[in-house]
Amino acid sequence: MTATTERAVGSDVRRLEGPDKVRGRAPYAYEHELGAQAVFVALVQSTVARGRITAIDSAAATAVPGVLAVLTHEDAPRLGDVVEELRVLQGPQVQYVGEPVAAVVAETSEVARDAAARVQVTYESGAPDVVLTADRTDLYAPEQLMAGFETDSVIGDVDTALAAAPVSVDVTYTTPVQHNNPIEMHATVARWDGDVLRMWDANQGPHNLVPVITEAFGITADQLHITSPHVGGAFGSKAFTHVHQLIAGMAAKVTGRTVKVELTRQQMFTLVGHRTPTIQRLRLGAQPDGTLTAISHEVVEHTSQNAEFAEQTATATRLMYAAPARRTTHRLARLDVPPPTIMRAPGETPGMYALESAVDELAVELGIDPVELRLRNEPARDPERDVPWSTRNLVACLTEGAQRFGWAGRDPRPGVREDGRWLVGTGVAAATYPTRRRPSEARIQAVPGQPYVVSIDASDIGTGARTALTQIAADALRVPLDQVDLRIADSRLPKASGAGGSTGITSWGPAILAAADELRDREVPPGGLTVTGSSGPGEEAEQLSSHAFGAHFAEVRVDRDSGEVRVPRMTGVFAAGRIINPVTARSQFLGGMTMGLSMALHEQTVLDAGRGHFANHDLAEYHVAAHADVGAMDIHWLDEVDEAHNPLGAKGIGEIGIVGAAAAIGNAYWHATGRRVRDLPITPDRYFG
Amino acid sequence: MDREITLEVDGAGRASTVDTRTSLLDALRERLGVTSAKKGCDHGQCGACTVLLDGRRVNSCLVLAVTADGAQVTTSDGLAGEGPHRLHETFVDHDAYQCGYCTPGQIASAAGVLAEVAQGWPSAVTEDLVAERTELTDAEIRERMSGNLCRCAAYANIVPAIAEVAVEQGVRA
């Protein structure tokens, strides 16, 4: 395997597309085909959570001048064998509020929206069932969790160990529905060029969409061409195929035009997924010296009627700390809600919030410093898989972070530090995220005197992948950056995994290295030479436990009169393998930590129990952190290279920044106020009730 | 109902036929092919569509295009002269963005902030409301930029990117 020379890798390269992005010249999905006389789609959505359409009257909509077509379940093109949640406009059944029941295609967006409001739909409906509780009688154990994890894990006699533990905690945390809400709303531009479907689409990797869209429209992969050069954020919501992409293909087929579908912000709350709410019971048992004797983490979460989404919420608990007796379980309730999806570190984000909050509560019970308690329970090997770590530097993250933050000498007593009206506290939490590789292929075309053309269907959703992959290719080919012409985000390029699960660099980078290896020591003929390379998971996946680790420290201030919560500073220290580009890596950690702050203090989508809809479905009512919410962010990483996992020695950094961040803030809130809030978000009213 | 309007967009006169229901944002994006201003919510909640309308920052999704007939509209792209605007350079240098979608709105908004501070406009965090000179501190930047959401959360990089230009323009020591 080609070793990188570290000329470009590890150096501060600014984003290659930066000058275009800051001026607004980098085209996102909706901004393609500006001169194509495109037509526009507006959706009609169900107003009931469960039921059946008994009549649909589109005559008034069709009569609006400029309307080209109204698609309903009665006349929309039939789709192939797609999964239930994607069978849009295929039948009268309704399974959640906001499900598309008609689509209007018109010459302008104003006319499309006007006409959509004129479609009359009547339903036969029943009362929605949308409230998740831990004592529902219909909770069930899924066959397995997402990413193939076992539903439950049990080692030792947990109940006996808990009963015998000299010190223990038994606490329940809840996290609400949250929404990814990338600022670029999901959008698709679609046109049929003969029997070829051309799409410009906002997604996390065009190849992710190919199996579903080809099946839906009965075409081959050669008859589908998707490009997505710039994507305005995703955080998971753009990973999988959603109904609007199929509606775009149908509308283009029916009208023979270039159609543009852009979801509204309100539609983003129903049609592209959400993070499932969780109810998590944590029980920890320990010796008086802090040695854990038992860990139990039981999770209840929801999924939808039309899809099973089983989030792996407690899987991080399987590896964080040593303990002889341990148990994790996951149970689901199938509710009348839209299908959940992945949202930045699905599983780890809510799961580590609960575990790391419970560890803090145990530290208080024990009278042991919470950093020290974690150090005392460091496992030498993966405690459940019983394999060695490829690298694990949690201890170094905690100690380095404590030093940077100024943790030493912290008074453990809660509610005793005042600064005027403000109560002040500090908190800590650990972070982890799995390191994985997925199959990917790359191609390099060499022509004497020209830059190398490096092609891979990778995706840059704001991660900096375009820049980092160019750095990797430049070093592998031993040329300066400007001698690499990187091409990504096109379904006709060599197949690669999507941007998700923090697997981009670990999957795509080694594929480029492998292709470059094929070129090594070969003379390039005047007519040029094309080589390919591929990469995928190897023995390391079975033989080693590979994870990034980190530590968060936060200072919280709470106004004792208003309950307002401020976070003036956070420190995050990460051990996440080789860092390809320090500039963009720092932004990834920063973005994750800030999203964790947002989760701790602001984010919650409220399900209306009576009508079954998401009540606060816009950015005025679903709060995300804004400029004024964020203070000083100190971000640091350790020198770590994990070549036992992949030849780049990288681990993936897109998600670990959010994991544990909300727990550090919650723990600091307790330290400031003496109040333990166990239900996110920690809004001002929690101080009073 | 359609109406003919004329806008000066980023220095160029542009005529367009718009529906009376067309927002300034949709006039730019869907009718004139000017996509520097972005749509992130269409309700004035995210700031991605921020442009300078006759020199003052607005959420262009909340302005009806017909009411802007004859106005001067400046997007982030239009801030550039012969070369990029200093905000373009400092945003790239500080990596004050990730996906880049909210960024033209952040930059148009920042240009508006710099002008507002130069004119002595106070904000909700300004201590002396009648002072002749307001210093564009970090707290002032955060407050004045809070109408521009960044879901990638580059906020901590956006503040120094704006501060650097503020120093150059004499509104920050």
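This is a predicted model: local features need pLDDT of at least 70, side-chain atom pairs count only at pLDDT 80 or more; totals for chains, interfaces and linings use all residues.
View 1. Chain B is divided into domain 1, which covers residues 2-75, and domain 2, which covers residues 86-168. The centres of these two domains of chain B, taken over C-alpha atoms, are separated by 22 Å. Where they meet, 15 residues of domain 1 of chain B are in contact with 12 residues of domain 2 of chain B. On the side of domain 1 of chain B that touches domain 2 of chain B, the elements that give two or more residues are β3 and β4 of chain B, and β3(B) gives the most, with three residues. Sorted by class, this side of domain 1 of chain B has six nonpolar, six polar and three charged residues.

View 2. Five strands of chain B form an open sheet in the order β2-β1-β5-β3-β4, and the pairing is mixed. Strands β2 (12-19) and β4 (56-59) of chain B stand at the edges, each with a single partner strand, so one side of each is left without a neighbour in the sheet. From one strand to the next, the twist of this sheet averages 40°. Within the sheet, strand β3 (residues 50-53) of chain B and strand β5 (residues 72-74) of chain B pair in the antiparallel sense over two bridges, and Leu52(B) stands opposite Thr74(B) in β5(B). Helix α4(B) lies across β3 and β4 of chain B, and runs at about 40° to β3(B).

**View 3. Helices α3 and α4 of chain B where they cross.** The axes of helix α3 (residues 86-93) of chain B and helix α4 (residues 103-118) of chain B come within 10 Å and cross at roughly 130°. That angle makes α3(B) oblique to α4(B), and the crossing of the two helices is right-handed. From α3(B), the residues Leu87(B), His88(B) and Phe91(B) meet Thr103(B), Ile107(B), Ala110(B) and Ala111(B) in α4(B). By class, this contact of α3(B) with α4(B) has five nonpolar residues, two polar residues and no charged residues.

**View 4. The side of chain B that touches chain A.** Between the two chains, 47 residues of chain B are in contact with 47 residues of chain A. Several helices of chain B each supply at least two residues of the side that touches chain A, among them α1 (24-31), α5 (138-144) and α6 (155-168). Helix α3(B) gives the most to this side of chain B, with four residues. Taken by class, the side of chain B that touches chain A has 20 nonpolar, 15 polar and 12 charged residues.

**View 5. Domains 1 and 3 of chain A.** Chain A is divided into three parts, namely domain 1 (38-47 + 51-125 + 182-264), domain 2 (146-178 + 274-435 + 543-687) and domain 3 (437-536). The C-alpha centres of domain 1 of chain A and domain 3 of chain A lie 33 Å apart, and 18 residues of domain 1 of chain A are in contact with 14 residues of domain 3 of chain A. On the domain 1 side of this contact, α5 (206-217) and β11 (224-227) of chain A are the elements that give two or more residues.

View 6. Strand β19 (residues 452-455) of chain A pairs with β20(A) in the parallel sense over four bridges, and the bridge partner of Tyr452(A) in β20(A) is Val484(A).

How values were computed
Residues are numbered from 1 along each chain as its sequence is written. Chains are lettered from A and ligands numbered from 1 in the order in which they are written. Axes are lines fitted to C-alpha atoms, for helices over the stretch in contact, and angles run from 0 to 180 degrees between N-to-C directions. Angles under 35 degrees count as roughly parallel, over 145 as roughly antiparallel, 65 to 115 as roughly perpendicular and the rest as oblique. A crossing is left-handed if the near helix is turned anticlockwise from the far one by less than a right angle, and right-handed if clockwise. Two residues are in contact if their C-beta atoms, placed from the backbone, lie within 7 Å. Ala, Val, Leu, Ile, Met, Phe, Trp, Tyr, Cys and Pro count as nonpolar, Asp, Glu, Lys and Arg as charged, and the others, Gly among them, as polar. Domain bounds come from an automatic or database domain assignment. Two strands pair if DSSP finds at least two bridges between them.
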